[in-house]
Amino acid sequence: MQYKTIIEPFRIKTVEPIKHTTREERVAALEEAGYNLFLLKAEDVLIDLLTDSGTGAMSSAQWAGMMLGDESYAGAKSFYKFETAVRNITGFKHVIPTHQGRAAERILFGAALKPGDIVPNNTHFDTTRANTEYRGATALDIPIPEGRNPAAILPFKGNIDLEALERTLTENPGKVPMVMITITNNSGGGQPVSMANIRAASEICHRHAIPFFIDACRFAENSYFIKLREEGYADKTPLEIAQEIFSYADGCTMSAKKDGMANIGGFLALNDDALAQECKNMLILTEGFPTYGGLAGYDLEAIAVGLEEVLHEDYLEYRLRSVAYLGDILTKAGVPIVQPPGGHAIYIDAKGMLPHIPQSEYPAWALSLVLYLEGGVRGVEIGSVMFGQQPDGSEKPSAMELVRLAFPRRVYTQSHVDYLAEVILHVNDIKDQIRGVKMVESPPMLRHFSAKLAPAHGTMLTSK
Ligand code: F0G
């Protein structure tokens with residue numbers, strides 16, 4: 001008998017209580033947090049879908065591995081285990097641990113970018129964009145056009161626009177020091193990139209003698225999408241697919257807080273000897289010696305085990321299915337979401353859901369606040385608050401207004417998701433009552449993390 005229910009491929013050994021709050025408590029918490037969900041106390045959140053980064057549950061094998069952590073300053077055993085795990089998947093010659101993904105970005109961009117440069121990417125995530133702009137370079141997003149249309153259903157909606165890439169490289173000789181592809185495309189809805197697209201982008205870059213890097217945060221989810229959706233990969237293991245992906249690249253940046261299954265950590269891995277040496281010198285300046293890079297030996301152990309576990313097929317099947325399960329319920333009820341559901345999150349299309357709120361009143365931010373108000377659920381806005389602020393201080397509405405509900409790995413069960421669906425459907429029922437928000441206090445960069453906002457019309461919800 002082939003049973004159809006896809007179950008969580010684990011049982012729970014340790015539990016962490018979560019706390020219900022009253023609506024009144026949430027009203028007060030929001031006000032105290034300046035209408036910014038990043039500024040809430042996490043204990044006031046019932047279901048926390050702010051991010052899938054560092055929020056996963058580690059396995060018993062990872063915890064056991066941590067007890068083996070070698071805390072030697074240099075040459076620790078744990079580093080070599082970590083290096084072997086990374087090299088087995090990526091094949092890159094130099095493996096440089098960092099405390100998280102953005103540290104890898106800062107170090108790589110510090111060595112490779114200069115003011116006036118252009119870095120094309122299918123879509124930069126916020127820290128990648130900020131680290132590029134911080135170097136005085138331009139972060140150029142060139143997803144395929146369908147990638148910006150939430151309703152379009154494509155198997156590989158995260159692909160980079162190959163024509164735009166070719167054009168950019170031809171028109172800007174000497175100005176493009178590297179090209180990046182983000183797998184999966186986080187800001188574009190957690191959508192996968194196909195092997196064919198990665199191969200073709202690599203070929204274009206190398207024809208122009210430009211290094212090709214992968215932002216690999218969710219490489220395992222992307223590999224499994226390739227297995228399910230791309231011809232010729234059904235019989236390959238996720239590991240074999242990941243190995244092929246990295247074989248086309250010259251290096252990668254990685255946040256081990258995602259598909260490293262760890263609570264902290266990351267790495268930069270690359271083949272170029274001279275660039276690696278420069279990066280290692282920078283690493284020593286701010287992160288630590290190259291065999292620990294800002295991590296404890298036990299973190300390196302947890303990541304080494306996590307990188308192996310994340311490629312298990314039963315895990316990946318469960319992972320993609322739990323996100324699609326919520327996607328199916330919302331789609332059936334007519335809630336507009338980025339289609340098809342991505343690997344790590346559901347993205348509600350706030351522009352589609354709240355056409356009465358202009359982008360200048362941040363519809364996705366408002367929707368994220370109301371989800372918290374009505375159900376204690378915390379998502380994150382990926383819209384004009386996150387991306388509207390330009391390096392010169394001006395404001396430009398972002399292409400999409402999304403609320404991302406990111407699933408921490410191995411944390412929530414199906415009943416949590418059923419509750420979540422109930423909250424979203426209720427909010428969808430009262431969507432006409434939702435009102436926009438305005439900016440009250442805004443820092444000069446990465447403003448979404450600390451900005452203060454307020455209801456633009458005195459209230460978040462009008463009465464019926
Ligand atoms: N690249 C991508 C595609 C990411 O999604 C992230 C982090 C980073 C780089 C940076 O990694 O956090 O370890 O420094 N994304 C998290 C998120 C924060 O919520 O999507 P980091």
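**Entry 1. Terms and model**

The model I am looking at is predicted.

**Entry 2. The largest pocket**

I asked which helices each supply at least two residues of the lining of the largest pocket. I found helix 2 (60–66) and helix 12 (313–332). I then looked up the space in this pocket, and it comes to about 1,400 Å³. I see 38 residues in the lining of the largest pocket. T14, A57, M58, R410 and V411 lie nearest its centre.

I sorted this lining by class. It has 18 nonpolar residues, 10 polar and 10 charged. I also checked the domains. Domain 1 (23–52 + 312–455) and domain 2 (60–309) each give at least three residues to the lining of the largest pocket.

**Entry 3. The second largest pocket**

Next I took the second largest pocket, with a volume of about 860 Å³. I find 32 residues lining the second largest pocket, and R129, E133, D141, F387 and Q390 are the closest to its centre. Helix 5, strand 4 (138–141) and helix 15 (384–387) are the elements that give two or more residues to this lining. Which element has the largest share of the lining of the second largest pocket? I find that helix 5 does, with five residues.

By class, I read 17 nonpolar, nine polar and six charged residues in the lining of the second largest pocket. Why does the second largest pocket lie between domain 1 and domain 2? I note that domain 1 (23–52 + 312–455) and domain 2 (60–309) both give residues to its lining, so the pocket lies between them.

**Entry 4. The ligand**

I moved on to the ligand. It has 18 residues around it, and R102, D215, S255, K258 and R404 come nearest. I sorted this shell by class too: two residues are nonpolar, nine polar and seven charged.

Which helices each supply at least two residues of the shell around the ligand? I list helix 4 (101–112) and helix 5 (126–134). Helix 4 gives the most, with three residues.

For Q100, I get 2.9 Å from a polar side-chain atom to an oxygen atom of the ligand. In N186, an N or O atom of the side chain is 2.8 Å from a ligand oxygen. For R404, a polar side-chain atom lies 2.6 Å from an oxygen atom of the ligand. On its own it has 470 Å² of accessible area, and the protein covers 94% of that.

**Entry 5. Backbone checks**

Most residues other than glycine have a negative phi, and most peptide bonds are trans.

The peptide bond from I183 to T184 is cis, and its omega is near -20 degrees. I place T184 in the loop between strand 5 (179–182) and helix 7 (195–207).

Q339 and P340 are joined by a cis peptide bond, with omega about -20 degrees. I find P340 in the loop between helix 12 and strand 9 (345–349).

What is the phi of Y362? I read a value near 50 degrees, which is positive in a residue other than glycine. Y362 sits in the loop between helix 13 (350–353) and helix 14 (363–375).

Terms used
Residues are numbered from 1 along each chain as its sequence is written. This is a predicted model: local features need pLDDT of at least 70, side-chain atom pairs count only at pLDDT 80 or more; totals for chains, interfaces and linings use all residues. Side-chain values use heavy atoms; hydrogens and water are left out. A residue is near a molecule or strand if one of its heavy atoms lies within 4 Å of it. A polar contact is a pair of N or O atoms within 3.5 Å; within protein, one must be able to donate a hydrogen and the other to accept it, and residues adjacent in sequence count only if both atoms are side-chain atoms. Accessible areas come from the Shrake-Rupley method with a 1.4 Å probe; for residues, only the protein chains shown count as cover. Helices (H or I, at least four residues) and strands (E, at least two) are DSSP runs, numbered from the N terminus. Ala, Val, Leu, Ile, Met, Phe, Trp, Tyr, Cys and Pro count as nonpolar, Asp, Glu, Lys and Arg as charged, and the others, Gly among them, as polar. On a 1 Å grid over the protein atoms alone, a cavity is a set of points where a 1.4 Å probe fits but cannot get out, and a pocket is an open set with protein on both sides within 12 Å along at least five of seven lines; lining residues have an atom within 4 Å of a point. Grid points are joined across faces, edges and corners, and a volume is the space filled by probe spheres set on the points. Domain bounds come from an automatic or database domain assignment.
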